[in-house]
Amino acid sequence: MTAQAGATRDGYPTWDAIDWHTVENNVRRLQARIVKAVQEGRWNKVRALQHLLTNSTSGRLLAVRRVTENTGKRTPGVDNQLWDTPQKKLMGARSLRMRGYRPKPLRRIYIPKANGKRRPLGIPTMRDRAMQALHLLALDPISETSADRNSYGFRRGRSCADAIEQCFTTLCRRNPAWILEGDIKGCFDNISHQWLLDHVPMNKSILRRWLASGYLEKQMFHDTIAGTPQGGIISPVLANFALDGLERRLREMFPVRGRGSERGRAAQVHLIRYADDFIITGHSQEVLAAQVKPLVESFLRERGLEFSSEKTLITHVEEGFNFLGQEVRRYPNGKLLIKPARKSVRSLLAKVKQIVRQHRGGTAHLLITRLNPVIRGWANYHRHVVSKRIFARVDAAIFRILWQWAKARHPRKGLRWIKRKYYERVGTRDWWFYGKSPERGDRLAHRRLVHAAGVKIVRHIKVKSELNPYDPHWAGYLSGRSTRISVPSASNFWAFAKA
């Protein structure tokens, strides 16, 4: 990058004077060259381009911007340091040098899981996060170029909705009829360090230091002998490197083209994976139990991984199975329907009840402010499947919860008085929960509860399996997908309307 007006003596511009468009273009060009070199099998050139990118000013600036503008920017590591000023960000970019770099131990914290257990997270320092983001810029193009076609987790331009749509495309016909529901036991915690060092195409010295950095818990240092820390920016890509290749190995056993393709097509074996959750389809239970499952177990064993016995099942599609919060089931009439899973509905209502309990003495406006993002986010996630009836049931359940809250707040008032205070008619809809803000004259002074049923059901258009977001040939396709205008729901419109 050439020096600009406002540049410091070492060539870095001041943070506020950085031309981010130029920075992003510089990085994007190098990433496109890495993709081309990988496609041509020129691995010496790949390494040279990775070195060029990780030592570039543009790469360092972009890495610092990522770690200082994401949701974890206020979470410090063991050194208790944050890069929260332009000066600190610029100093952080200058500090991203390979020579003499030693990562600090991770700060261990725990977050609750749905099954009652706790998930460990390792929080790196800001400098270590920025170094991981810098090397990720050079590693992710390789991961995308070599990834399985039907892998959807932790990948640019792909989402849970794509994985669910692929489920529908694969299972909407009579065959395949059986599903292997795969779940890997402690995937992030047990990946073999040696396998990663042997197979991940990046600076081995840096990778070895990250993997062996250890963690601090209650001021005690602990070694890390396996796994990648959940909480590190580069960890999802390392996990994808470990799990990519499973689809190719299945295709070698069950080819759909060339020699043996007739037997391969008859087996109806297809993989759909999102992170460490995956399903594999099959024509019969015997194919999945006798051939597919041993192959997957062998694949995982090479990487230091194994199945979770309690979550790995072989199921008939007519019995239904849960995947990524959705219930997939083929009904007796032959129709395949995908709906929000009961567990997901129960989780939403439990969260709504918790918020209501926490605001027993709060105003209706404050309660709506807390509930609306939860309801809207849940409904938007499920709006691509058969959700309309379940949305209506969820709204009815939330209505009952809020009615009990309103009656508990005013035990000496009559029901008509409570209705007039907290509910109003909007168009043809009666009993719409609302609250008035203390600020008068503000546009959001009169806020209404969002209804899940007001979210429009829209069929998701699945991303093309061959997509590589770092390949310039896909730029037009990505631009077209990102500029599609979503239709706002009536519930969203009325929720922010002024009285």
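## Ground rules

Two strands count as paired if DSSP finds at least two bridges between them. Helices (H or I, at least four residues) and strands (E, at least two) are DSSP runs, numbered from the N terminus. This is a predicted model, in which local features need pLDDT of at least 70 and side-chain atom pairs count only at pLDDT 80 or more, while totals for chains, interfaces and linings use all residues. Residues are numbered from 1 along each chain as its sequence is written, and side-chain values use heavy atoms, with hydrogens and water left out.

## The sheet

Let's start with the strands. β3 (residues 178–183) and β8 run antiparallel and are joined by four bridges. Within this pairing, Glu 181 has Leu 313 of β8 as its bridge partner.

Both strands belong to an open sheet of four strands, in the order β6-β7-β3-β8, with antiparallel pairing. The edges are taken by β6 (270–274) and β8 (313–316); each has a single partner strand, so one side of each lacks a neighbour in the sheet. On average, neighbouring strands here are turned by 20° against each other, direction ignored (axes are lines fitted to C-alpha atoms, for helices over the stretch in contact, and angles run from 0 to 180 degrees between N-to-C directions).

## Helix α1

Next comes α1, which covers residues 20–40 and has 21 residues. From first C-alpha to last, α1 reaches 30 Å, close to the 30 Å expected (1.5 Å times one less than the number of residues). After α1 comes Gly 41, with a positive phi near 75°.

The buried residues of α1 include Trp 20, Val 23, Val 27, Leu 30 and Ile 34 (buried means under 20% relative accessible area, exposed over 50%, partly exposed in between, with a 1.4 Å probe and protein chains only). The buried residues of α1 pack against α2 (43–54), α3 (57–69) and α5 (126–146), where contact means heavy atoms within 4.5 Å.

## Aromatic rings and charges

Rings of Phe, Tyr and Trp (its six-membered ring) pair if their centres lie within 6.5 Å; planes under 30 degrees apart count as stacked, over 60 as edge-to-face and the rest as tilted. By this rule there are 14 aromatic pairs. Trp 474 and Tyr 477 form an edge-to-face pair, 5.5 Å centre to centre with 75° between the planes. Trp 474 is buried at 18% relative accessible area, whereas Tyr 477 is partly exposed at 21%. One aromatic cluster is formed by Phe 399, Trp 403, Trp 405, Tyr 422, Tyr 423, Trp 431 and Phe 433.

Charges also sit over rings (NZ of Lys or CZ of Arg within 6 Å of the ring centre and within 35 degrees of the ring normal). Arg 303 lies over the face of Phe 299, at 3.7 Å from the ring centre, and Lys 413 lies over that of Trp 417, at 4.8 Å.
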